[in-house]
Structure formats: C-alpha cells, structure tokens
Amino acid sequence: MNPADVLSQIPIFASLGEEDRSSLAERIDRQSFPKGSTLFRRGEPGNALYIIIRGQVRIFASTRQGNEITLALLGAGEFFGEMALLDGQPRSANAEATEDTDLHFLDRDNFFSFLMCKESALRGILCALSSRLRRTDDLLTEAYFLQISHRLARKLIELHDGIAPGEGTRHPLYVTQQELAGMIGATRESVNKELNVLRKKGLVQTSRNRITILDPARLKRRIR
C-alpha cells in the first residue's frame, strides 16, 4: 500500500482530498524496526508522527522502580507520536516494537509546512486528539467504578475488534498478563485469576503471551 492510501485510513487525514493526501505523502519516509527495538524513550525529543504499516508497537510508561504500565498496543493502520508532533515537547512515554514492524513517519517541520494551508487537516487532528482524551477519561472511569472482570472483558474485546472485527473471527492477541494489567489498572495476579475464570467458561484460550477469544459474543455479554 502506498503512503497516500495509508493516509486515507488515518482519522486525522481521512478528510483530505486525494490531491492533498498525495502531496502530504511525498513528505513521508519509511523505516523498519525488528522485534524488541526501542523507537523512542520518555523525555527524548519528539519530532515525528508514526503510522504503522505492519507489526505492533507498545506504548508504555515506567517508574524508577522498574515497574511498567502499558498504555496502548497499536497495530497496522494506527498512529502515535502526534502530541510531540504538534507541540515539539519531549516524548511523554516509551515506544517499542513487539513484532517486526514497518512504519511511515512524518517529520514535524514537513508536517507544519503542509498544515499551514490545510484547515481540513487541522480539524481532523483536533477531532482525533479529542477522541484519545475521551478514551483516557473512559479508562479512568472504568478503573474507579467497574470491577476487574468487566474491565478485562472490555479490554479483550477492544483488542480483538482492533485486529479481527466480527464475532465469528478468531485471531490471537499477543499480549502479556502484565501488559493487560497495566491497561486496565490492575495487578498481574488479578488478571491471571480472571483469565482462569474466562478459560474455564470456554470464552478464551491462553498460552505463553497469547490469548485467543473463542466466543466474542458471550464475552461481550459479560460487560453489558
């Protein structure tokens, strides 16, 4: 898929016309990262937006004690780094490739030279940022009000629908229990306990760092 087609699938650029997307695509470069590579660390200069072509990227934060919280697992077609792209401030989190990953990246200077005359792109970016803020609000609300079983089921469905939409499809989620715990604001032990419950009910199948949802429809009913 060429860069212009990739841009058409990104919410912040979806409103652009074909000519505008082609113009912006000329400013995009490509880079590959093997599994386990660090893309950037918190505090490093931020000057690019990344769009995933293939693979998976984990966005996470870490404490001085070495504990980690996974903020997001992003796959093909998703983007990250837009905050630093807009304000030029240091990275607010870490990013690593959890699979062999190919990316498009857009440099901040190239982006702003394009954006200065594209109001529709600016509107799209504001909407995308608003959406991410709402997702953060939802996460905080869930962590406060919902039981761990509901939060875990909701996150598993969200990850499943992101890579294999539809209740009749099965696709393994390559995610650790520690990463899931970070996503829902719980401990690894509590996530392990809830996964055991789901496994006994025939809703999921688990193996090392892999979870397969066997019955998405029944799992969804647990969060209603």
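## Starting from Leu152

Let's begin with one leucine. Setting aside its neighbours within four places in sequence, leucine 152 is in contact with Leu180, Ile184, Val191, Glu194, Leu195 and Leu198. Keep in mind as you look around that this is a predicted model.

What sort of neighbourhood is this? Leu152 belongs to the largest nonpolar core, which has 20 residues. Leu152 is also on the list of those with the most contacts inside that core, along with Leu156, Leu180, Leu198 and Leu219. Which elements give two or more residues to this core? They are α6 (148–163), α7 (177–184), α8 (188–200) and β10 (210–213). The biggest giver is α6, with five residues.

Phe111 takes us to helix α4, which covers residues 108–115. Which residues of α4 are buried? They are Phe111, Phe114 and Leu115. Looking down the axis of α4, you would find these buried residues within an arc of 95°, so they line one face of the helix.

Now check the N-terminal end of α4, which is capped by aspartate 107. A side-chain oxygen of this aspartate lies 2.9 Å from the backbone nitrogen of aspartate 109.

## The four-stranded sheet

Next, the strands. Four of them make an open sheet in the order β2-β7-β4-β5, with antiparallel pairing. Which strands sit at the edges? Those are β2 and β5 (68–74), and each pairs on one side only. From one strand to the next, the twist averages 30°. A helix joins in too: α7 packs on the sheet and touches β4 and β5. The direction of α7 makes about 90° with that of β5.

Let's zoom in on β7, which spans residues 94–97. Asn94 and Glu96 point one way from this strand, Ala95 and Ala97 point the other way, and all are buried. Strand β2 (residues 38–40) is joined to β7 by two bridges, and the two run antiparallel. Here phenylalanine 40 stands opposite alanine 95. Strand β4 (residues 57–62) is also antiparallel to β7, with four bridges joining them.

Follow the chain on from β7 and you get to threonine 98, in the loop between β7 and β8 (101–107). Is Thr98 buried or exposed? Its relative accessibility is 18%, so threonine 98 counts as buried, given that the cut-off for buried is under 20%.

What does Thr98 touch, not counting residues up to four places away in sequence? The list is Lys35, Gln56, Val57 and Arg58. With glutamine 56 there is a polar contact between the two side chains, at 2.8 Å.

Now for the loops around β9. Lysine 201 is placed in the loop between α8 and β9. With a relative accessible area of 42%, lysine 201 is partly exposed. Leaving out neighbours within four places in sequence, lysine 201 is in contact with Arg218 and Arg222. Lysine 201 and arginine 218 are 17 residues apart in sequence, and their C-alpha atoms are 9.9 Å apart in space.

Asparagine 209 is found in the loop between β9 (204–207) and β10. Its relative accessibility is 37%, so asparagine 209 counts as partly exposed. Asparagine 209 is not a glycine, yet it has a positive phi of about 55°.

## Stepping back

Finally, zoom out to the whole protein chain. How many helices and strands are there? The protein chain has nine helices and 10 strands. Of its 224 residues, 42% count as buried. Sequence distance is worth a look as well: among contacts between residues at least 6 apart in sequence, 68% join residues at least 24 apart.

Methods:
Residues are numbered from 1 along each chain as its sequence is written. This is a predicted model: local features need pLDDT of at least 70, side-chain atom pairs count only at pLDDT 80 or more; totals for chains, interfaces and linings use all residues. Side-chain values use heavy atoms; hydrogens and water are left out. A nonpolar core is a set of buried Ala, Val, Leu, Ile, Met, Phe, Trp, Tyr and Cys residues joined through side-chain atoms within 4.5 Å. Buried means under 20% relative accessible area, exposed over 50%, partly exposed in between (1.4 Å probe, protein chains only). Contact means heavy atoms within 4.5 Å. The arc is that of the directions from the helix axis to the C-beta atoms. A polar contact is a pair of N or O atoms within 3.5 Å; within protein, one must be able to donate a hydrogen and the other to accept it, and residues adjacent in sequence count only if both atoms are side-chain atoms. Two strands pair if DSSP finds at least two bridges between them. Axes are lines fitted to C-alpha atoms, for helices over the stretch in contact, and angles run from 0 to 180 degrees between N-to-C directions.
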